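Reader: Walk me through this chain, please. I want each label set against its cut-off.

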Amino acid sequence: MASATPFYEGAQMKRIIVNSRDFTSLNTLQSDLEDTKRISRNYHMELEQIKYREIDSDLIARDSEMEKVIRMVMRVAPVKSSVLIQGEAGVGQECHCTPPA
């Protein structure tokens, strides 16, 4: 990128100051940052899928409501907190999970 600024003495132009910048390295850094963010998002999605598969492998039944519960559990899991799971007796409210490290 280049810009030029003329300098006048009276009505006559005496000099032009030219400023130029090479944005190649900045563009390269921007591109590298976008690639790194994309890779990070992909790793994050893969980790979430692995966590889901670990929980999913212990399930007996599958339906959309149970999947909602599992997604909620995945959001709450990293937080140190108690969770109350309600349901009819015998439907499997007990948890045989280990908290995340």
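Author: Start with strands and helices. Helices (H or I, at least four residues) and strands (E, at least two) are DSSP runs, numbered from the N terminus. On that basis Phe 7 is found in strand β1. This is a predicted model, where local features need pLDDT of at least 70, side-chain atom pairs count only at pLDDT 80 or more, and totals for chains, interfaces and linings use all residues. Residues are numbered from 1 along each chain as its sequence is written, and side-chain values use heavy atoms, with hydrogens and water left out.

Reader: What pattern does the protein chain follow along the sequence?

Author: The pattern is β-β-α-α. That is 2 strands and 2 helices.

Reader: How do you know in which sense β1 and β2 pair?

Author: Two strands pair if DSSP finds at least two bridges between them. Strand β1 (residues 2-9) and β2 have 8 bridges, in the antiparallel sense. The hairpin has 2 residues between the strands, and Gly 10 takes a positive phi near 70°.

Reader: Why is Phe 7 called partly exposed?

Author: Buried means under 20% relative accessible area, exposed over 50%, and partly exposed in between (1.4 Å probe, protein chains only). Phe 7 has 45%, so it counts as partly exposed. In β1, the count of buried residues among its 8 residues is 0. Across the protein chain, buried residues make up 3% of the 101 residues.

Reader: Which residues does Phe 7 touch, beyond those up to four places away in sequence?

Author: Contact means heavy atoms within 4.5 Å. Phe 7 touches Gln 12, Met 13, Lys 14, Arg 15 and Ile 17. Phe 7 and Ile 17 are 10 residues apart in sequence, and their C-alpha atoms are 7.7 Å apart. Among contacts in the protein chain between residues at least 6 apart in sequence, 2% join residues at least 24 apart.

Reader: What makes the nonpolar patch on the surface?

Author: Patches are made of residues with over 30% relative accessible area and no salt bridge; like charges are joined within 9 Å, nonpolar side chains (Val, Leu, Ile, Met, Phe, Trp, Tyr) within 5 Å. Tyr 8, Met 13, Ile 16 and Val 18 form this one, with about 430 Å² of accessible area together. Areas come from the Shrake-Rupley method with a 1.4 Å probe; for residues, only the protein chains shown count as cover. Strand β2 (residues 12-20) gives the most, with 3 residues. Take Ile 16, which lies in β2. Its relative accessibility is 48%, so Ile 16 counts as partly exposed.

Reader: How do you know that Arg 38 and Asp 35 meet in a salt bridge?

Author: The rule asks for a side-chain nitrogen of Lys or Arg within 4 Å of a carboxyl oxygen of Asp or Glu. The N to O value for Arg 38 and Asp 35 is 4.0 Å, and the pair counts as a salt bridge. By this rule the count comes to 1. Both residues lie in helix α1 (residues 24-56), 3 residues apart, about one turn of the helix. Arg 38 is partly exposed at 40%; Asp 35, at 34%, is partly exposed.

Reader: Where is confidence lowest, and where highest?

Author: pLDDT is the predictor's confidence in each residue, from 0 to 100. Helix α2 (residues 64-76) is lowest, at a mean of 77, and β2 is highest, at 91. The protein chain averages 80, and 79% of the residues score at least 70.
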